[in-house]
Amino acid sequence: MGSLAVMAGSPKALAELLSEAEHAIALTGAGMSTESGIPDFRSADGVWQKVDPMEVASLQTFITEPQRFWQFHRPRIDMLSGVDPNSAHVAIAELQRRGLLRSLITQNIDRLHSKAGSTDVIEVHGSLSRGECLQCKAMTTLGELVAKADGADDGVPRCDDCGFQLKSGVVMFGESLPPAEITAAYEAAERADVILVVGSSLQVAPVSELPAMVHQGGGRLAILTEGDTPYDEVADVRLRGKAGVQLSETVAALDAV
Ligand code: APR
C-alpha cells in the first residue's frame, strides 16, 4: 500500500483532516461504548445477534406486549447505568474542547459522551434520562420509572395519570425520532465540511444518510469502525481498530501537527 494510502488510514491523517477542516462534526454509534463494556448491536457478539430488535425494541412490541418489552429493557437499564466513559469518549470531548468538532451527534443512549465532558450532545435516538407516557405525554425521572417497573407484578411501569405503560426516553424502532435533535443533526451535516464517524455500521436511517449529505455537499468523510460501512469506498480517511486507541493517538498527533 502506498504511503498516501497508509496515511489515509492513520491517526496522523485524521489529525490533519480535522486541523484543516472549517466545520468538522462527529457522528458516533455503539462502537464508541464497547470499550466501556457495553456490547454493540451488529458485531459478531452484538445484541441483535441474540435477539430480534423488532421483537424486543419496537414500538409495536411496547404497545402490544409491554411485559416482553420490559423483560428485555429492564436489565439493560442497570447495565447501561453502571458503566463509565472510555478513552474514546475522552478523546472526542478533547476534540470538542479544542474546537475541532463543531457538533457531536450520537445514536447512543448511554449518556457516556456527557459523562466524559462533551457538551451539546445531539442524542438522535433519545436517551435513558427519563420516562415518558406515549398516551398522555406525562414524564417521569428514570428513577421513578425503574421503581415503578420493579414494583409492578408484571414488571411493567404504568402512568400515574392515565394507567398506560411507560417507556424510557430511548427511541424504539417504528417510533419517530425526536424532531429537535434530528433537525439539529441535519443542520450540522449541511454545514459540515468534514464528518467523522466513530463506531457505527451506518445501517440505520435516517442517521445513516448524514455522511452522504456531507459527501454530496463536497465535504470529506473520516470513518473509524472495526467493521465495514457502506461509505468505506468514499472515505477520505478510513481507520480500523479500537476507537479508544485510534482517537487517543489522533489527539496526540494533533500536538505534532
Ligand atoms: N472501536 C471501533 N469500532 C468498533 C468498536 C471499537 N471498540 N466496537 C465496535 N465497533 C464497530 C463495529 O465493528 C460496528 O461496525 O462499531 C460498529 C457498531 O455498529 P452497530 O452495532 O450497528 O451500532 P450502531 O451503528 O450504533 O447502530 C445504530 O441501531 O439498533 C439500533 O438504535 C440502535 O443506535 C442504534 C442503531
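1. Start in the loop between β7 and α10, where L202 is found (helices, H or I of at least four residues, and strands, E of at least two, are DSSP runs numbered from the N terminus). L202 is not a glycine, yet its phi is positive, about 55 degrees. With 5% relative accessibility, L202 counts as buried (buried is under 20% relative accessible area, exposed over 50%, partly exposed in between, with a 1.4 Å probe and protein chains only).

2. Before going on, a word on what you're looking at: this is a predicted model, where local features need pLDDT of at least 70 and side-chain atom pairs count only at pLDDT 80 or more, while totals for chains, interfaces and linings use all residues. Residues are numbered from 1 along each chain as its sequence is written, and side-chain values use heavy atoms, leaving out hydrogens and water.

3. P206 also lies in the loop between β7 (194–198) and α10 (210–216). Have a look at the peptide bond from A205 to P206: it is cis, with omega near 0 degrees.

4. R111 is another non-glycine with a positive phi, here about 65 degrees. You'll find R111 in the loop between β2 (103–106) and α7 (112–115). R111 counts as partly exposed, because its relative accessibility is 33%.

5. Now the helix pair. α5 (residues 66–81) and α8 (residues 142–151) pack at about 130 degrees, their axes 11 Å apart (axes are lines fitted to C-alpha atoms, for helices over the stretch in contact, and angles run from 0 to 180 degrees between N-to-C directions). That makes α5 oblique to α8 (under 35 degrees is roughly parallel, over 145 roughly antiparallel, 65 to 115 roughly perpendicular, the rest oblique). From α5, W70, R74 and I77 meet L142, L145, V146, A149 and D150 of α8 (contact means heavy atoms within 4.5 Å).

6. Then there's an open sheet of three strands, ordered β5-β4-β6 with antiparallel pairing (strands pair if DSSP finds at least two bridges between them). β5 (139–141) and β6 (166–170) are the edge strands, each pairing on one side only. The twist averages 40 degrees from one strand to the next. α8 packs on this sheet and touches β4, β5 and β6, its direction making about 90 degrees with that of β5. Strand β4 (residues 126–133) pairs with β5 over three bridges, and E132 stands opposite M139 in β5.

7. Last stop: T250, in helix α11 (residues 243–254). T250 is buried, at a relative accessible area of 0%. Leaving aside residues up to four places away in sequence, T250 touches P11, L14, A15 and L18.
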